[in-house]
Amino acid sequence: MQRPDQDPERHIADLSAFIEASPSPYHAAEMASERLEHLGFIGIEESSAWPSQPGRYFLRRGGALVAWSTADGAHPNSGFRIIGAHTDSPNLRLRPRPDHRSAGMAQLGVEIYGGVLLNSWLDRDLGISGRVTIVGDSGATETRLLHINEPLLRVPQLAIHLDRSVTTDGLRLDPQRHLQPIWSSAPDQIPAFREWLAQQLEVPSSAIGAWDLMTHDLTPPTRLGVDGSMFAAGRIDNLLSCHAGLVALENSCADGFASVPVLCLFDHEEVGSQTASGAAGQLLPATLERISIAAGLTREDWFASLAASLCVSADGAHATHPNWPERHEPDHQVHLDGGPVIKWNANARYGTDAPGAGHILALAKQLQMPLQTFVSRNDQPCGSTIGPITSAQLGIATIDIGVAQLSMHSARELTGTVDPARFATLLTAFLNSSKTLAEH
């Protein structure tokens, strides 16, 4: 099968389609499951008996997905090769009772989800997406996905004439007062949100139970720059990594391997991962153990398989900002399309250590692929990922690595057009790698 980095144009086009079809974590999990089903993966229910026969399987839990293959000779006795990423991105999420009026306008109340760059959501045309639970007359419930890709909402910025200090003192936003979007200038002529939602789903308003809904920017993904060398889109952090892991699993299915390849797309990383579908929950540990039990491993074998396993925490990396180079560690410059970025932190905010990094470096050498290194300044706090969580929960050596980007946590982010395909190629090689850390 062709390496993704041999046709980066095709990879970017596929990434664009994946991002545009995934305005919420639930849609991202659905898109991944549809692609996997096309390749013959079978969806299973967690409440059902686990399949004991070798095969290709996946499960979904809300906005999370875990997929694996025990076909083609892969067996837990040889350990697991795990790619972990996350489907969620910072945004504005609708409140349970969102209807609000102010100054003669209808607004929808929102909560801030994750570390949002608040100013980036101003003056953008926003749609609504997520999931809604329908309650039937019998009391049975059904959850449906909602994707309204129309300009419904906008958070208007205050005119400079009414805020003269904005150019000297900077923009100051109160998240409670200043981020509530407007959606009509004629509040007496529109239905309440619940009624509007019922119309979209073609159900009675009394059937609307609850929702997990959020806003998304309607600007489509695009290439930009005089040479088309950059790629801009919403949710690059971290749908780019989800897509790269998915492509890696798709490509790995064409080859034989000994270790069990696993793709785990978690939800709620941006708010700490402490949920049933987050990395700090039991989704991945329980899935791996059930795979092992179904394959006939004993408890002793299960722990041995973990010791032989490796995990890549795939998440975006900070490129050095051309307008704020002083905010970056001067001896570790990171550039767009300079190669995938291994992320380090002495205080274990990332999971990378020397043996794990050595494994990735060896793979990159075989692929003749450049790599970069990121560390934070000592006077600049470091973010974190699912890497340390997964490593601590399972005792699996974990490497934090991702693609360099600018404008992280903005409503619209920026990266290069070459490294996304390189990253998918590197992750494919990782899933197919059989050497253990001790062999390097």
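1. Helices (H or I, at least four residues) and strands (E, at least two) are DSSP runs, numbered from the N terminus. By that scheme, Glu270 lies in the loop between strand E13 (260-266) and helix H6 (283-294). The model is predicted: local features need pLDDT of at least 70, side-chain atom pairs count only at pLDDT 80 or more, and totals for chains, interfaces and linings use all residues. Residues are numbered from 1 along each chain as its sequence is written, and side-chain values use heavy atoms, with hydrogens and water left out.

2. Back to Glu270. Its relative accessible area is 13%, so Glu270 is buried. Buried means under 20% relative accessible area, exposed over 50%, partly exposed in between (1.4 Å probe, protein chains only). Contact here means heavy atoms within 4.5 Å. With neighbours within four places in sequence left aside, Glu270 is in contact with His86, Asp88, Ser89, Pro90, Tyr113, Gly114, Gly115, Asp237 and His409. Glu250 is 20 residues from Glu270 along the chain, and their C-alpha atoms are separated by 26 Å.

3. Two residues from that contact list come up again. Tyr113 carries a charge over its ring: the charged end of Arg93 sits there, 3.5 Å from the ring centre. The criterion is NZ of Lys or CZ of Arg within 6 Å of the ring centre and within 35 degrees of the ring normal. Asn238 is found in helix H5 (residues 236-252). I would look at this bond in the viewer.

4. Next, the packing of H1 and H10. Helix H1 (residues 8-20) packs on helix H10 (residues 419-432) at an angle of about 95°, and their axes are 8 Å apart. Axes are lines fitted to C-alpha atoms, for helices over the stretch in contact, and angles run from 0 to 180 degrees between N-to-C directions. The two helices, H1 and H10, are therefore roughly perpendicular to each other. Angles under 35 degrees count as roughly parallel, over 145 as roughly antiparallel, 65 to 115 as roughly perpendicular and the rest as oblique.

5. Which residues of H1 and H10 meet? On the H1 side they are Pro8, His11, Ile12 and Leu15; on the H10 side, Pro420, Ala421 and Ala424. The residues of this H1 with H10 contact divide into 6 nonpolar, 1 polar and no charged. For these classes, Ala, Val, Leu, Ile, Met, Phe, Trp, Tyr, Cys and Pro count as nonpolar, Asp, Glu, Lys and Arg as charged, and the others, Gly among them, as polar.

6. Asp14 is also in helix H1. At 27% relative accessibility, Asp14 counts as partly exposed. Not counting residues up to four places away in sequence, Asp14 touches Arg35, His243 and Val247. Asp14 and Val247 are 233 residues apart in sequence, yet 9.7 Å apart in space, C-alpha to C-alpha.

7. Ser433 lies in the segment after H10. At 9% relative accessibility, Ser433 counts as buried. Residues up to four places away in sequence aside, Ser433 touches Arg81, Ser259, His359 and Leu363.

8. On aromatics, the structure holds 7 aromatic pairs. Rings of Phe, Tyr and Trp (its six-membered ring) pair if their centres lie within 6.5 Å; planes under 30 degrees apart count as stacked, over 60 as edge-to-face and the rest as tilted. Phe193 and Trp211 have ring centres 5.2 Å apart and planes at 75°, so this pair is edge-to-face. The pair links distant parts of the chain, 18 residues apart: Phe193 in helix H4 (residues 193-201) and Trp211 in strand E10 (residues 208-217). Both residues, Phe193 and Trp211, are buried. One aromatic cluster is formed by Trp183, Phe193, Trp196 and Trp211.

9. Asp123 is not a glycine, although its phi is positive, about 55°. Asp123 lies in the loop between strand E6 (105-113) and strand E7 (126-135), and at 34% relative accessibility it counts as partly exposed. Gln368 likewise has a positive phi, near 55°, in a residue other than glycine. Gln368 is found in the loop between helix H8 (354-367) and strand E17 (372-374). At 74% relative accessibility, Gln368 counts as exposed.
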